[in-house]
Number of protein chains: 2
Amino acid sequence: MAEVRSPSVFPADSVGLVQTQYASLFSEERPLTFQSGAQLTSVDVAYETYGRLNDRRDNAVFICHALTGDAHAAGRHHEDDDKPGWWDGLIGPGKALDTSQYFVICANVLGGCQGTTGPGSVDPQTGERFCLDFPFLTVADIVQVHAELVKHLGIDRLLAIVGGSLGGMQVLEWAVRFPDQVRAAVCLASAPKLAAQGIAFNAVGRRAIYADQGFGNGRYYDKDGPRYGLALARMVAHITYLSEDSIELKFGRRLQDQGGFAFEMQKETEFQIESYLHYQGKRFVQRFDANSYLYLTRAMDYFDLSGDDRTLSEAVRDVQARFLVASYDTDWLFPTSQSRELTSALLQEGKHVTFVELECPYGHDSFLIDLGPLTSLISPFLEQTLQAARA
Amino acid sequence: MAEVRSPSVFPADSVGLVQTQYASLFSEERPLTFQSGAQLTSVDVAYETYGRLNDRRDNAVFICHALTGDAHAAGRHHEDDDKPGWWDGLIGPGKALDTSQYFVICANVLGGCQGTTGPGSVDPQTGERFCLDFPFLTVADIVQVHAELVKHLGIDRLLAIVGGSLGGMQVLEWAVRFPDQVRAAVCLASAPKLAAQGIAFNAVGRRAIYADQGFGNGRYYDKDGPRYGLALARMVAHITYLSEDSIELKFGRRLQDQGGFAFEMQKETEFQIESYLHYQGKRFVQRFDANSYLYLTRAMDYFDLSGDDRTLSEAVRDVQARFLVASYDTDWLFPTSQSRELTSALLQEGKHVTFVELECPYGHDSFLIDLGPLTSLISPFLEQTLQAARA
């Protein structure tokens with residue numbers, strides 16, 4: 001018989017039991033207009049909140065999740081939940097995003113597959129799933145929906161917007177698009193645009209999905225779907241999330257079978273690193289939708305804070321938020337040089353910006369793993385922002 | 001009407017018209033025994049030679065090709081041939097591998113698909129193609145077959161063995177396995193073993209082939225075969241052959257269509273880098289066999305000059321060859337650190353070794369592209385080796 005635990009078994013710095021909530025935003029009269037010009041008259045958004053919005057409504061922090069994240073950033077969904085939210089180490093009483101002080105919000109992105117309207121949702125116009133008829137979306141569209149949610153929650157101005165990777169791109173978009181709605185921006189392991197190598201890896205992942213016979217042009221929801229393709233996309237992406245050193249350290253050339261080489265072409269997972277990647281691929285297919293993967297990687301590719309018609313400095317000219325920018329020395333997907341470029345542009349425009357390159361062996365994924373250094377950066381940064389706001 | 005050109009249209013430093021030749025090696029009495037213990041009683045080897053073997057038979061240089069190379073390293077196959085051999089810039093009268101001095105040999109590897117016996121060959125025992133019943137092969141097996149070819153050509157000792165990448169691994173294996181048959185070894189953009197990240201990328205490529213419905217467990221020769229999987233494998237591998245800077249420089253975020261973003265999920269190749277990778281994938285499928293790709297990437301994964309039971313220094317203890325080791329500063333698949341490790345081991349054992357890290361923006365592929373610096377290294381190195389041999 002399973003042990004019955006009361007909520008008190010959660011550690012004191014946990015937000016405890018949480019529930020995903022849903023908001024229905026936009027309407028026939030006020031539809032969501034995408035950057036492409038397409039419109040949706042209704043968008044459901046899955047979100048969670050931790051802590052309490054204070055009476056001044058000045059303590060709200062919005063978390064932007066990365067490519068395959070979701071609204072469940074902290075706490076547990078039920079008492080026997082084995083796994084807490086994806087940034088649980090950073091969110092809770094006394095933690096970097098201190099829920100005894102701040103009202104923390106995290107929402108699934110537009111186009112996602114964890115509760116917010118996306119390609120797998122039913123199109124009310126047709127009664128069928130959107131599939132690839134879902135409007136093409138950009139980081140600007142994602143942020144527009146989240147800004148609407150924040151307004152819906154009765155918040156005019158966020159204390160801070162925080163995110164890493166694709167979440168960091170959303171942070172940048174927020175600060176530039178809604179300068180008077182954001183007091184502080186924390187941009188981690190990210191960049192004002194994806195480098196060509198990143199686009200190349202995304203292209204390989206999408207190709208794997210498109211080429212899978214189970215894809216059926218995106219209309220696979222009553223079938224198995226492009227399981228192999230999606231798993232493959234995850235495998236190649238996963239390599240880019242790790243540093244070469246961390247792969248070497250964790251797996252090296254160690255074999256699955258202690259007995260030595262199999263000398264057998266049918267054996268696909270001989271080295272531990274292979275087995276690990278296959279496992280990551282399989283696990284991913286259980287929790288993620290291939291169409292969402294196509295849409296969101298494209299949003300990542302498209303994102304370019306400056307673009308062809310303005311420099312990065314021009315792009316950040318109207319920013320009001322104080323910035324905290326952090327990169328990781330072993331991150332080769334979003335190298336430090338890109339964070340430096342962002343920092344220079346902000347400084348050039350006279351903005352308040354703190355930049356740190358953190359040393360951490362885990363590559364791009366460091367912002368999800370190595371939370372100690374992040375805590376010592378984010379804690380005082382938010383504290384100061386709140387003090388300045390109230391001064 | 002096509003212009004008729006005489007051989008004299010070839011530049012003076014070209015080896016001119018060449019023909020691939022074939023040798024049938026091993027026999028019932030003296031079969032090829034693989035490292036795995038498997039045996040083949042007959043192995044065909046496709047090879048080409050450039051220049052003349054002198055009477056002393058001391059001027060032979062053997063070229064080891066990389067993963068997807070072939071025997072056609074220099075010259076042209078017919079007068080209207082658009083493309084010369086893959087290392088034509090390095091092989092010819094007056095070039096680094098000076099065919100007025102040296103007798104240059106290049107042969108397709110065991111398990112390949114360009115004329116040498118491999119999984120696509122017919123098994124004389126069954127009258128059907130081997131497919132995945134072809135024996136599992138290693139770099140040691142490849143070298144054993146090439147050593148047999150060299151003997152077959154009447155050569156007891158090579159002046160030099162030269163190769164890059166997987167070819168460099170063969171160079172190392174030659175120098176260690178047949179120390180008295182190699183006077184000099186030129187090991188370019190290679191390593192005594194593949195790092196875990198390299199294994200990871202190979203694993204993704206193989207997964208793409210295995211997962212393709214056209215693969216049919218390797219028995220696809222009367223059908224289309226795993227075209228999508230093989231193309232995908234090439235796409236991901238191709239990214240690892242280029243440096244991040246060279247991708248950025250060559251493609252950046254430039255679009256295929258000057259008109260701007262398509263905002264269209266059906267459009268798979270929007271950025272130039274995507275279109276380029278798709279093209280590389282498609283072109284590769286026309287010239288390479290998926291089963292060979294599986295076997296040869298596995299050989300690359302398995303290669304470990306030292307292994308569990310000896311250090312790298314111990315592995316090179318009996319080497320007699322003088323070494324030239326070169327790495328490239330932008331090569332992240334075979335980073336300089338691995339060439340340094342090799343060089344240290346050779347020095348520790350008192351071997352003659354020259355090591356250079358070359359600066360070149362093209363990443364791992366530099367050894368196929370930037371031939372000027374290679375020429376100024378290899379030319380004097382071979383010259384000295386020949387002088388020392390005759391002293």
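This is a predicted model: local features need pLDDT of at least 70, side-chain atom pairs count only at pLDDT 80 or more; totals for chains, interfaces and linings use all residues.
In which helix of chain B does B:R390 lie?

## Arginine 390 of chain B

B:R390 belongs to helix α11 of chain B, a helix formed by residues 371-390. The relative accessibility of B:R390 is 37%, so the residue counts as partly exposed.

Along the chain, B:R390 and B:R56 are 334 residues apart, yet a separation of 10.0 Å is found between their C-alpha atoms.

## Salt bridges in chain B

Over all chains, the count of salt bridges comes to 30. One of them joins the side chains of B:E148 and B:R30, with an N to O distance of 2.2 Å. This pair links distant parts of the chain, as its two residues are 118 residues apart. B:E148 is in helix α1 (residues 139-152) of chain B, whereas B:R30 is in the loop between β1 (21-25) and β2 (32-33). B:E148 has a relative accessible area of 12% and is therefore buried. B:R30, by contrast, counts as partly exposed because its relative accessibility is 45%.

The side chain of B:E148 also meets that of B:K151 in a salt bridge, at 4.0 Å from N to O. Both residues lie in helix α1 of chain B, three residues apart, or about one turn of the helix. B:K151 has a relative accessible area of 51%, so it is exposed.

A further salt bridge is formed by the side chains of B:E173 and B:R177, with 3.0 Å from N to O. Because these residues are four residues apart in helix α2 (residues 166-177) of chain B, about one helical turn separates them. B:E173 counts as buried, at 11% relative accessibility, while B:R177 counts as partly exposed, at 40%.

## A network involving both chains

Salt bridges can also be linked into a network. One such network contains A:R206, A:R298 and A:D301 from chain A together with B:E274 from chain B.

## Cavities

How many cavities of 30 Å³ or more are there? The count comes to two. The largest cavity has a volume of about 80 Å³. Its lining is made up of A:L67, A:L194, A:G198, A:F201, A:N202, A:A237, A:T240, A:Y241, A:M300 and A:L333.

Two helices of chain A, α3 (196-211) and α4 (227-241), each supply at least two residues of this lining. By class, the lining of the largest cavity has seven nonpolar residues, three polar residues and no charged residues.

## The largest pocket

The largest pocket holds about 1,300 Å³ of space. Its lining consists of 47 residues, and those nearest its centre are B:T68, B:K83, B:W86, B:R234 and B:R287. Several elements of chain B give two or more residues to this lining: α3 (196-211), α4 (227-241), α5 (244-250), α6 (272-287), α7 (290-302) and α10 (366-369).

The lining of the largest pocket divides into 22 nonpolar, 17 polar and eight charged residues.

## A nonpolar patch on the surface

On the surface, A:Y362, A:L368 and A:I369 form a nonpolar patch, and together they have about 250 Å² of accessible area. One of these residues, A:L368, lies in helix α10 (residues 366-369) of chain A. A:L368 counts as partly exposed because its relative accessibility is 33%.

Note on methods:
Residues are numbered from 1 along each chain as its sequence is written. Chains are lettered from A and ligands numbered from 1 in the order in which they are written. Side-chain values use heavy atoms; hydrogens and water are left out. Patches are made of residues with over 30% relative accessible area and no salt bridge: like charges are joined within 9 Å, nonpolar side chains (Val, Leu, Ile, Met, Phe, Trp, Tyr) within 5 Å. Accessible areas come from the Shrake-Rupley method with a 1.4 Å probe; for residues, only the protein chains shown count as cover. Buried means under 20% relative accessible area, exposed over 50%, partly exposed in between (1.4 Å probe, protein chains only). On a 1 Å grid over the protein atoms alone, a cavity is a set of points where a 1.4 Å probe fits but cannot get out, and a pocket is an open set with protein on both sides within 12 Å along at least five of seven lines; lining residues have an atom within 4 Å of a point. Grid points are joined across faces, edges and corners, and a volume is the space filled by probe spheres set on the points. Ala, Val, Leu, Ile, Met, Phe, Trp, Tyr, Cys and Pro count as nonpolar, Asp, Glu, Lys and Arg as charged, and the others, Gly among them, as polar.
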